[in-house]
Amino acid sequence: MKFILLSGSFHNNSRSLAILKNMEVFFGEHEAEVLKLDTLPFFSEDLTLYKPEPVREFLSRINTADGILICSPEYNHSIPAVLKNAIDWASRPAFNSILKDMPVSIITQAVSPVGGSRAQAHLKLVLDSTLSKMHMCHEMMIPQVHELFDNEMNLVNIKARERLEKHVTDFVEFTHKNRTYDLNVEQV
Ligand SMILES: Cc1cc2nc3c(=O)[nH]c(=O)nc-3n(C[C@H](O)[C@H](O)[C@H](O)COP(=O)(O)O)c2cc1C
């Protein structure tokens, strides 16, 4: 199966991006690819007829995915704009987009002890509107995230690695059970 990994931030020391890159190995035989979202223009209905190249590329990658794993920070008690913008692009046509029936799993992280729980709740609400299939699981929130890496952004905290590996194993199984293959390429 093929998994797309989406980060909520893209700066040089992004912990979300680092978590996803550290997690690629947990997908084993499956394909796992991190997509860049900061090259997408802001969604506008004016751009939907002749979509800019980065948008077409993004949508075609999502279209061939079996599942999507998101890792995001919390920004001002909600979702970073770059991630919301990407979801908005993928969400059209409403209720019949490439996100419909797509298995999706969420990880949030924060320096705080609550691990981005508000961003997690908001992401669920947003994805609910796309009719994607939410990975029902013990919610994956990573608190005190700054303590988990070495200087090269390797995830060196054993407990965090074990939690994340189990999360991937569960999500792969969930995807296997829940993915339907009526992919609708012309929507891209
Ligand atoms: C604009 C902005 C808003 C933030 N708002 C929150 C917040 O509401 N709650 C929180 O726990 N952390 C907040 N933070 C801190 C980040 O979520 C935290 O540092 C996170 O680990 C950064 O993740 P990243 O490295 O993937 O960008 C905010 C950071 C920024 C830049």
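**Entry 1**

I began with P93, which I found in the loop between α3 and β4 (103-109); helices here are DSSP runs of H or I with at least four residues, strands are runs of E with at least two, and both are numbered from the N terminus. Before going on I noted that this is a predicted model, in which local features need pLDDT of at least 70 and side-chain atom pairs count only at pLDDT 80 or more, while totals for chains, interfaces and linings use all residues. I also noted that residues are numbered from 1 along each chain as its sequence is written.

The peptide bond that leads from R92 to P93 is cis, and I read its omega as near -5 degrees. R92 belongs to the loop between α3 and β4, and I looked up how open its surroundings are: R92 counts as partly exposed because it has 17 C-beta neighbours inside 10 Å. For that term, a residue is buried if 20 or more other C-beta atoms, placed from the backbone, lie within 10 Å of its own, exposed if 12 or fewer do, and partly exposed in between.

Leaving out residues up to four places away in sequence, R92 touches T48 and S97, where a contact requires that the C-beta atoms, placed from the backbone, lie within 7 Å. I also checked R92 against T130, which is 38 residues away along the chain, and found their C-alpha atoms separated by 8.5 Å.

S91 is placed in the loop between α3 and β4, and with 20 other C-beta atoms within 10 Å it is buried. Not counting residues up to four places away in sequence, S91 touches S97, L99 and T130.

**Entry 2: positive phi values**

Which residue in the loop between α3 and β4 did I look up for its phi? It was D101, which lies in that loop. D101 is not a glycine, yet its phi is positive, at about 70 degrees, and with 15 other C-beta atoms within 10 Å it is partly exposed.

L131, another residue other than glycine, has a positive phi near 60 degrees. I placed L131 in the loop between α4 (117-128) and β5 (133-134), and its 15 C-beta neighbours inside 10 Å make it partly exposed.

**Entry 3: α2 against α3**

I wanted to know how two of the helices pack, and two packed helices are described by the angle between their axes and the distance between the axes. Helix α2 (residues 53-63) and helix α3 (residues 81-90) pack at an angle of about 75 degrees, and their axes are 10 Å apart. α2 is therefore roughly perpendicular to α3. The axes are lines fitted to C-alpha atoms, for helices over the stretch in contact, and the angles run from 0 to 180 degrees between N-to-C directions; under 35 degrees counts as roughly parallel, over 145 as roughly antiparallel, 65 to 115 as roughly perpendicular, and the rest as oblique.

On the α2 side I listed V55, F58, L59 and I62, which meet A86, W89 and A90 in α3. The residues of this contact divide into seven nonpolar, no polar and no charged; Ala, Val, Leu, Ile, Met, Phe, Trp, Tyr, Cys and Pro count as nonpolar, Asp, Glu, Lys and Arg as charged, and the others, Gly among them, as polar.

R56 also has its place in helix α2, but with 12 other C-beta atoms within 10 Å it is exposed. I then looked up L37, in the loop between β2 (31-35) and α2, which counts as buried with 21 C-beta neighbours inside 10 Å. Apart from its neighbours within four places in sequence, L37 is in contact with L6, F10, V82, L83 and A86.

**Entry 4: the ligand and the whole chain**

How many residues surround the ligand? I noted 15, and the closest are S9, R15, S16, P73 and A110; a residue is near the ligand if its C-beta atom, placed from the backbone, lies within 6 Å of it. The shell divides into five nonpolar, eight polar and two charged residues.

Of its 188 residues, 39% count as buried, and the C-alpha trace spans about 45 × 35 × 25 Å along its principal axes.

Note on methods: Contact = placed C-beta atoms within 7 Å.
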